[in-house]
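Q: I am new to this structure and would like to learn how to read it. Could you walk me through its features, one at a time?

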Amino acid sequence: DFCQAEGKKRPSENLGQVLFGERIEPSPYRFTFNKKETCKSVCTKTYDTTKPEDKQKLDFLKKSMLLNYQHHWIVDNMPVTWCYDVEDGQRFCNPGFPIGCYITEDGRPKDACVINSEFHEKDTFYIFNHVDIKIYYHVVENEALGARLVAAKLEPKSYKHTHADNPDCSGVPMDISNKASGEVKIAYTYSVTFQEEKSIRWASRWDYILESMPHTHIQWFSIMNSLVIVLFLSGMVAMIMLRTLHKDIARYNQMDSTEDAQEEFGWKLVHGDIFRPPRKGMLLSVFLGSGTQILIMTFVTLFFACLGFLSPANRGALMTCAVVLWVLLGTPAGYVAARFYKSFGGEKWKTNVLLTSFLCPGIVFADFFIMNLILWGEGSSAAIPFGTLVAILALWFCISVPLTFIGAYFGFKKNAIEHPVRTNQIPRQIPEQSFYTKPLPGIIMGGILPFGCIFIQLFFILNSIWSHQMYYMFGFLFLVFIILVITCSEATILLCYFHLCAEDYHWQWRSFLTSGFTAVYFLIYAIHYFFSKLQITGTASTILYFGYTMIMVLIFFLFTG
């Protein structure tokens, strides 16, 4: 319930912004370039606490001040930032500023109330109803005369304007006592000053926001940590390959008579069963197809992000890019699923194609749709309009599905993958397994190493999704992505080798689930993050958090598998 802009059109948003629930509203704060305004009134809100609807609005304001809700303002596509000093002489620039703050009953200032010593009344809310905006520009010399905005900063202030129609912006802060009754009047005002700033170039105007987020040293530490894991795994894989193959070649060279050749050991004993089709081969091939689609999508999106196409300045570009790529990558999904299904000896190709195009996307869409219903029921601005839902369905049914069919057609036309050895008629008996070659312990162990590589990046990604911090470290993310791919593959090869040596030849599902189990660790981490970092109250918000987390976990499972 803040000042509304009258009769202005809402800016249009792209697909990524709509999906992320970023709605941009027009603002009643009007500026004219280089025209200084001091203490200009915007509007006055009056709350009569005896009326129930007014009381409800005031209570909502109080609740939002208590939970440190933020305003996010944009000028010329730049976030308006509030910069303040934090410890060890650094300045932190927050791309939002709080609605207000609260002093507790024992006189402790919470959140932003520490900025002013005048905020001292106990059990009182202070609303930031005045902003001092400072807009920095530089004049373009060589082109046609004009100036460009390079930064916009503000200082939130709180004033109890005695004359609401003729404000002077001085005096005591605007306090709303928690037990206040009668009439509460809040007048909103602003001041604007313009300042020329020659040192900032227009192209690098985002830097001051990004530089104030001090995370880079942690990043390098985490990258080194991950690289050590990768080196360790690569060493192990190389050693196994060299050791076993070297031994075998040596043994074959020493052979004199053909009788010795029959005495085989370890993984050679299962050569007649290794290519036996897995149980539930249909499902595995569908997962592999969808996983390929997600893998290529992630790779291309991150590659573009590294080149700087998807910086925070292009709002919603990341999500738009990912969705469009995902839709266009139906062909590899259909192709991979068909190839594997055919090599598993499957006959029901129609079922296979339909499942590839509808199973995983269907689960994601259903989850997304339920979340949207909840948002819609809560009257949230993040709810996706009906038109966008139709557009997403159209992208899925009219582009993605036909492309999947084309991919599957080529996949089924090709000959099945040739196996180097024949499969025996009678399945071999699997001997008693030791604890660590049993399926479950192996799968659980396999997920730990890849998770260790990504876990610090995961913290920043979750922060950028849930705590509205900007994420811009795509170079690091791309590195971590490559490391994750290598770690998943090598951990799986290692564990696969161990259980083949123990003469257990059911490797297809186990190799998929070994690295896919990383997603379970991701889920556990997301639950930990929910309880330790977020103060989310209310059933709807909790359901939303876990609903969206489940979508991420499913996509991550298919991708790692």
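A: Gladly. Let us begin with a term: a residue is called buried under 20% relative accessible area, exposed over 50%, and partly exposed in between, using a 1.4 Å probe and protein chains only. This is a predicted model, in which local features need pLDDT of at least 70, side-chain atom pairs count only at pLDDT 80 or more, and totals for chains, interfaces and linings use all residues. Residues are numbered from 1 along each chain as its sequence is written, and side-chain values use heavy atoms, with hydrogens and water left out.

Q: Is D111 buried, partly exposed or exposed?
A: D111 has a relative accessible area of 42%, so it counts as partly exposed. Helices (H or I, at least four residues) and strands (E, at least two) are DSSP runs, numbered from the N terminus. In those terms, D111 sits in the loop between β8 (100-103) and β9 (124-127). Its phi is near 45°, a positive value in a residue other than glycine.

Q: Where is D76, and what is its phi?
A: D76 is found in the loop between β3 and β4 (78-79). It is not a glycine, yet it has a positive phi of about 50°. With a relative accessible area of 44%, D76 is partly exposed.

Q: Is V75 buried or exposed?
A: V75 is buried because its relative accessible area is 18%. This residue belongs to strand β3 (residues 74-75). Contact means heavy atoms within 4.5 Å. Leaving out residues up to four places away in sequence, V75 touches F31, V80 and L149.

Q: How should I read the chain as a whole?
A: Start with its parts: the protein chain has 14 helices and 13 strands. Its C-alpha atoms fill a box of roughly 105 × 60 × 50 Å along the principal axes. Of its 561 residues, 43% count as buried. Among contacts with a separation of 6 or more, 75% join residues 24 or more positions apart.

Q: What is a nonpolar core?
A: In soluble globular proteins, nonpolar side chains tend to be buried together. A nonpolar core is a set of buried Ala, Val, Leu, Ile, Met, Phe, Trp, Tyr and Cys residues joined through side-chain atoms within 4.5 Å. Here the largest one has 61 residues, of which L19, F556 and L558 touch the most other members. F556 touches I454, L484, T518, A519 and F522, not counting residues up to four places away in sequence. A second, separate core of 37 residues includes F97, C113, A152 and Y188.

Q: Which residues lie nearest the centre of the second largest pocket?
A: Rolling a probe the size of a water molecule over the atoms shows where empty space is left. On a 1 Å grid over the protein atoms alone, a pocket is an open set of points where a 1.4 Å probe fits, with protein on both sides within 12 Å along at least five of seven lines; lining residues have an atom within 4 Å of a point. The second largest pocket is lined by 28 residues, and L288, F340, S511, F512 and G561 lie nearest its centre. Elements giving two or more residues to this lining are α5 (281-306), α7 (330-343), α11 (474-501), α12 (508-516) and α14 (539-560). The largest share, 6 residues, comes from α11.

Q: What follows just after α11?
A: There, E503 takes a positive phi of about 65°.
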